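Please look over the sequence and the structure first.

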Amino acid sequence: MAGDGMSPDDFPVLVKEQGEFGGFPFLSGLARLELALFQVHTADVIPPAAETTIINPTLQIIPLEWINILSLLTRSRARNLERIKPGNEFILVWQEPSTGEVLTQTAEPGDLLAIKLVAEEIDPETAARQASVPVGKIDAVMREAVSKGLLISPVSRLRRDAAVADLAPDQRYTAAEVFTLQWHLTQQCDLHCRHCYDRSQRSEFPFGRALEIMDELRSFCRKRFVRGQISLTGGNPLMYPHFYELYRAAAERDFMIAILGNAVDRQTVERIVALQMPVYYQVSLEGLESHNDEIRGVGNYRRTIVFLRMLTEMGVPNMVMLTLTRKNMDQIVPLAAELENITGGLTFNRLALFGEGAALELPTPGEYRAFLEMYVRALADYPVLSLKDSLINTVFESNESGLFGGCAGYGCGAAFNFISILSDGEAHACRKFPSPIGNILADSLETIYASQAAVRYRTGSSACSGCRLNSVCRGCPAVSASLGLDPFTERDPYCFRQH
């Protein structure tokens with residue numbers, strides 16, 4: 001073609017002008033598709049994400065008058081030409097932003113809608129009003145288009161400061177992709193656990209303000225290009241009188257929703273799943289049956305095991321959290337053996353000596369170091385064991401193993417990628433200890449997050465500031481505070497890393 005003074009761009013036109021080749025009227029459409037593949041494959045490397053969401057600059061939208069032409073691109077010899085029929089179809093061809101791989105697919109309505117909204121600068125709220133759908137439906141369409149690479153979104157703006165990022169051994173843990181609101185809807189609970197950190201009397205959260213907060217959370221996350229998650233807890237969140245209304249409202253805003261609660265009946269779970277599948281349902285066990293029931297009440301262990309089996313059988317993601325004390329740390333591996341194939345994960349938090357939990361006992365630092373080393377060895381044999389306590393990274397570092405994200409995925413996430421809201425509106429950097437940063441009934445989420453109190457918790461202890469594990473550790477300020485230490489200047493007393 002080059003010798004004839006023609007370029008690849010001319011080939012589809014030539015095919016169309018020549019009419020049907022061998023009785024195949026769709027060949028001009030196939031030629032246009034092949035040209036698009038060539039152009040996308042030879043396109044310049046995709047630039048870094050812009051300051052706002054943009055259409056992938058390599059994306060081509062090919063309108064065709066035949067359907068199922070895409071099937072002809074397969075390398076299989078058994079191409080079914082009878083599937084090619086007259087009809088209108090759009091084919092998308094683009095480079096996947098992170099890999100440069102050339103992808104093709106028949107355009108789905110959501111793909112075209114997302115592209116249209118960006119091209120015409122229509123905001124999701126306007127699109128939702130015009131379509132009479134919840135705004136979360138539009139957000140989900142946009143998120144899916146970004147995940148496919150049809151749109152390119154800016155990187156997360158929920159980032160650790162430069163000093164932390166410069167020290168970080170793994171940059172994956174310096175910018176959060178999700179912001180979580182841990183929401184204590186009510187103090188009401190059907191249990192009275194011996195380690196409960198707050199049995200105070202507090203009012204239930206006002207439902208009208210709850211709807212406003214969800215809109216604030218959505219705006220907060222959109223500005224930072226992160227996904228929003230709401231973790232509903234209490235007390236027992238299912239005892240909140242507006243639980244289902246709030247859950248529905250969260251689903252309509254495209255939030256991921258987790259439940260941190262107690263065992264309930266199948267009908268309740270089915271009602272929740274009908275609204276939206278939770279990202280996980282977390283329950284607690286404190287060890288093997290005898291010890292667990294001593295802490296959480298007679299019969300709790302067996303009820304919880306039955307509940308976990310039911311969740312797993314229903315396909316509902318679930319996990320178990322354990323509060324680690326000196327008395328139950330030798331029960332974690334035996335408990336893992338009992339929970340294998342019953343739940344998706346077993347992990348633990350160290351006890352913070354607040355509330356009624358102050359009457360219990362933590363292991364000594366030496367005992368805890370031996371426990372962590374044993375726990376790491378057990379990971380290979382008990383897949384149900386999960387990682388949470390940030391100090392596990394000190395063991396991984398000494399073993400020259402790969403690090404993980406720590407407690408909240410980015411070390412201690414207090415006032416960074418999550419905050420807690422209590423039922424009376426108090427906002428805390430972390431629910432495990434008194435860490436007030438404002439009141440959501442009086443101030444906006446943005447105001448609370450930007451407060452000096454929140455910044456202090458987000459910065460963490462100055463004793464950890466030069467540590468290379470800062471982005472994935474920082475210890476546990478709740479444990480430090482519960483032992484009478486200053487979480488802003490002193491390090492977790494259980495840290496055995498040599499600085």
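Directly after H8, Asp-254 has a positive phi of about 65 degrees. Helices (H or I, at least four residues) and strands (E, at least two) are DSSP runs, numbered from the N terminus. The model is a predicted one, in which local features need pLDDT of at least 70 and side-chain atom pairs count only at pLDDT 80 or more, while totals for chains, interfaces and linings use all residues. Residues are numbered from 1 along each chain as its sequence is written, and side-chain values use heavy atoms, with hydrogens and water left out.

Seven of the 10 residues of H8 are buried, so this helix is largely enclosed by the rest of the structure. Buried means under 20% relative accessible area, exposed means over 50%, and partly exposed is in between (1.4 Å probe, protein chains only). The buried residues of H8 are Phe-243, Tyr-244, Leu-246, Tyr-247, Ala-249, Ala-250 and Ala-251. Their cover includes strand E6 (178–184), helix H7 (207–224), E7, strand E8 (256–260) and H9.

Ile-272 belongs to helix H9. With a relative accessibility of 2%, Ile-272 counts as buried. Neighbours within four places in sequence aside, Ile-272 is in contact (heavy atoms within 4.5 Å) with Leu-238, Phe-243, Tyr-244, Tyr-247, Ile-259 and Pro-278. Between Ile-272 and Ala-258 there are 14 residues of separation in sequence and 11 Å in space, C-alpha to C-alpha.

## Nonpolar cores

A nonpolar core is a set of buried Ala, Val, Leu, Ile, Met, Phe, Trp, Tyr and Cys residues joined through side-chain atoms within 4.5 Å. The largest has 105 residues, and those touching the most other members are Trp-183, Phe-243, Leu-346 and Phe-348. Not counting residues up to four places away in sequence, Phe-243 touches Leu-185, Leu-232, Pro-237, Leu-238, Ile-259 and Ile-272. Another core lies apart from it, with 16 residues that include Leu-59, Trp-94, Ile-115 and Val-118. In soluble globular proteins, nonpolar side chains tend to be buried together.

## Helix pairs

Axes are lines fitted to C-alpha atoms, for helices over the stretch in contact, and angles run from 0 to 180 degrees between N-to-C directions.

| Helix pair | Angle | Axis distance |
|---|---|---|
| H9 (residues 266–275) and H11 (residues 300–314) | about 40 degrees | 11 Å |
| H10 (residues 289–296) and H11 | roughly 105 degrees | within 8 Å |
| H3 and H5 (residues 135–148) | roughly 95 degrees | within 9 Å |

H10 is thus roughly perpendicular to H11; angles under 35 degrees count as roughly parallel, over 145 as roughly antiparallel, 65 to 115 as roughly perpendicular and the rest as oblique. This contact is made by Glu-289, Asn-292, Asp-293 and Arg-296 of H10 together with Asn-300, Tyr-301 and Arg-302 of H11. The residues of the contact of H10 with H11 are one nonpolar, two polar and four charged. Here Ala, Val, Leu, Ile, Met, Phe, Trp, Tyr, Cys and Pro count as nonpolar, Asp, Glu, Lys and Arg as charged, and the others, Gly among them, as polar.

H3 and H5 are also roughly perpendicular to each other. Gly-110, Asp-111, Leu-113, Ala-114, Leu-117 and Val-118 in H3 meet Ile-138, Val-141, Met-142, Ala-145 and Lys-148 in H5. Eight of the residues in the contact of H3 with H5 are nonpolar, one is polar and two are charged.

## Backbone details in loops

Gly-234 and Gly-235 are joined by a cis peptide bond, with omega about 20 degrees. Gly-235 sits in the loop between strand E7 (227–233) and helix H8 (243–252).

Glu-121 has a positive phi, near 55 degrees, in a residue other than glycine. The loop between helix H3 (109–119) and helix H4 (124–131) holds Glu-121, which counts as exposed at 72% relative accessibility. Glu-400, again a residue other than glycine, has a positive phi near 60 degrees. Glu-400 lies in the loop between helix H14 (392–398) and strand E12 (418–421) and counts as exposed at 75% relative accessibility.

## The chain as a whole

The protein chain has 17 helices and 14 strands. Of its 499 residues, 50% are buried. The C-alpha trace spans about 90 × 50 × 45 Å along its principal axes. Among contacts between residues at least 6 apart in sequence, 67% join residues at least 24 apart.
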